[in-house]
Amino acid sequence: MTDTTADLIHGNASAVPAGVALGALNNGFALASAKDFRNDIEVLNYALALEYLEAEFYRQGNAADLVKGKEKQYLMQIGADEASHVATLTATIQKLGGTPIGAPAVDFGGAFESRKSYLTTAHVFENKGVGAYLGAAGFVKDKMILQAAAGIFGVEARHAAVVGNLLGLKAEGGVYQGAYEKGIAKGDVLQAVAPFLVDPDKVVAAITY
Amino acid sequence: MGIKAIFGGCPVLEFAAEQDRRSFLRNAALIGVGLTYVASRAGDPVAFGTADRGYGASDANASDLDILNYALTLEYLEAAFYTAGLKANLLKGRELELVDPIQQHEADHVKVVRTTITDLGGKPVAQPKVKFPDGTFSNRANFLKLAGTFEELGVKAYHGQVTLVKNPELLGAAASIAGVESRHAAIIAQITGGNPFPAPIEANLAMGPVLKAAMPFLAK
């Protein structure tokens with residue numbers, strides 16, 4: 001996998017190399033219509049889908065033995081954070097009387113071919129995660145859920161910065177994305193992660209009521 | 001005290017003891033915020049709630065403006081800290097590259113928070129005089145150690161206000177700043193051998209304890 005970061009960040013899925021893109025690119029993924037959340041449970045299930053994706057990504061990546069030392073320690077901790085987010089969101093959805101979605105089927109293609117491809121893909125996931133939480137924040141009605149979501153959002157920003165630094169990316173535009181985080185619309189986030197989902201349509205259906 | 005009570009009534013902070021309340025008022029007065037946070041208990045002088053706020057905002061905006069002035073004070077402090085630290089020329093190479101944008105971010109945050117306060121009809125607090133412990137800028141380790149303290153405090157401060165901000169747009173703007181502070185905190189921890197990921201969910205801290213932690217750096 002080479003230099004896919006910019007393309008994925010811009011949601012230009014057609015530019016994703018074959019190793020990562022899988023068969024998900026031409027499946028008529030109608031994301032333009034998925035632009036809203038009707039209630040907090042929908043927001044939480046959307047977040048849960050992304051956290052499942054991240055948690056499984058780090059589980060596989062850390063099992064692939066691509067990193068070591070301090071770097072491995074960081075990535076293990078990040079993976080543990082994502083797993084914790086999955087548990088937190090699942091419990092919250094249940095508490096609200098909703099049904100948490102199950103873990104989606106994922107395929108990370110060539111992401112674990114090398115340390116660089118692992119970290120580069122991780123960097124995309126983390127920044128997408130940051131943007132996703134911020135983009136959805138305005139839809140959250142319950143203040144306590146907002147508190148928790150904001151708390152997760154901040155930790156995703158930590159992950160994004162540290163992974164960017166492990167990659168040796170330039171400080172501004174790599175480690176940091178400016179003085180302000182930017183929200184990303186639901187549709188754009190889902191389009192960006194679609195290549196990693198075996199059946200993106202199924203995931204969208206599961207998180208949309 | 002529950003969230004409903006916060007949104008149903010004016011006071012958004014309660015104090016365990018009268019001493020805490022007095023201490024908070026003293027700190028708050030110093031930076032010009034906090035008056036809308038003070039519970040008007042039976043017998044309290046009305047003056048507590050109506051003293052010179054420095055702005056003629058509507059009640060709907062009042063507490064948001066206080067939160068913004070609180071954020072502004074912390075951003076002033078951070079911006080001044082990094083400006084002095086970078087001027088001391090303690091960092092080089094990758095570390096300098098990583099810390100340099102932080103100063104710019106904090107300066108940008110000061111500007112945007114000031115503008116936001118003005119746009120909402122409030123009056124931004126003036127830049128406070130700051131003081132840092134002797135030796136803070138005499139070496140890299142001292143500078144970065146205090147940087148870590150400020151960043152983690154800033155993160156907790158923003159997260160401590162999430163449920164209190166009333167204007168949703170303001171909440172989004174504050175979150176977009178808070179996320180950047182999280183990045184700073186993680187990077188400072190990473191380059192100083194600390195823990196960039198202290199918890200899976202950001203911790204938060206109420207205004208009182210944050211001001212208490214910040215007060216030693218604000219010159220009276």
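This is a predicted model: local features need pLDDT of at least 70, side-chain atom pairs count only at pLDDT 80 or more; totals for chains, interfaces and linings use all residues.

Student: Where does B:Tyr76 lie?
Tutor: B:Tyr76 is part of helix α4 in chain B. Helices are DSSP runs of H or I with at least four residues, strands are runs of E with at least two, and both are numbered from the N terminus.
Student: OK. Is B:Tyr76 buried or exposed?
Tutor: B:Tyr76 is buried, because its relative accessible area is 4%. Buried means under 20%, exposed over 50%, and partly exposed in between, using a 1.4 Å probe and protein chains only.
Student: What does B:Tyr76 touch?
Tutor: Set aside residues up to four places away in sequence. Then B:Tyr76 touches B:Val110, B:Arg114, B:Val125, B:Ala126, B:Gln127 and B:Pro128. A contact here is a pair of heavy atoms within 4.5 Å.
Student: Let's zoom out. How many helices and strands are there in chain B?
Tutor: Chain B has 8 helices and 0 strands. From the N terminus on, the pattern is α-α-α-α-α-α-α-α.
Student: What share of the residues in chain B is buried?
Tutor: Of its 220 residues, 50% are buried.
Student: And which part of the contacts in chain B comes from residues 24 or more positions apart?
Tutor: Count the contacts with a separation of 6 or more. Residues 24 or more positions apart make up 78% of them.
Student: Now chain A. How many helices and strands are there?
Tutor: Chain A has 9 helices and 0 strands. Along the sequence, its elements read α-α-α-α-α-α-α-α-α.
Student: What are the burial and contact figures for chain A?
Tutor: Buried residues account for 56% of the 209 residues in chain A. Take its contacts between residues at least 6 apart in sequence; 84% of those join residues at least 24 apart.
Student: Next, the two chains together. How many residues of chain B are in contact with chain A?
Tutor: On the chain B side there are 40, and they meet 42 residues of chain A.
Student: What area do chain B and chain A bury between them?
Tutor: About 3,400 Å², with 60% of it on carbon and sulfur atoms. Buried area is the accessible area (1.4 Å probe) that two parts lose on being put together, summed over both.
Student: Which three residues supply more than any other three of the area that chain B buries against chain A?
Tutor: B:Arg183, B:Gln190 and B:Phe197. They supply 25% of the area that chain B buries there.
Student: Give me something from the other side. Where is A:Gln147?
Tutor: A:Gln147 sits in helix α6 of chain A, which covers residues 143–166. A:Gln147 counts as buried because its relative accessibility is 14%.
Student: What is A:Gln147 in contact with?
Tutor: Leave aside its neighbours within four places in sequence. A:Gln147 then contacts B:His159, B:Val162, B:Thr163 and B:Asn204.
Student: And A:Lys116, buried or exposed?
Tutor: At 58% relative accessibility, A:Lys116 counts as exposed. Its place is in helix α5 of chain A, residues 115–137.
Student: How far from A:Val106 is A:Lys116?
Tutor: The two are 10 residues apart along the chain. Their C-alpha atoms are separated by 20 Å.
Student: Where does A:Asp65 lie?
Tutor: A:Asp65 is in the loop between α3 (40–63) and α4 (69–95) of chain A. A:Asp65 is exposed, because its relative accessible area is 59%.
Student: What about B:Asn89?
Tutor: B:Asn89 has a positive phi of about 60° and is not a glycine. Look for B:Asn89 in the loop between α4 and α5 of chain B. With a relative accessible area of 65%, B:Asn89 is exposed.

Conventions:
Residues are numbered from 1 along each chain as its sequence is written. Chains are lettered from A and ligands numbered from 1 in the order in which they are written. Side-chain values use heavy atoms; hydrogens and water are left out.
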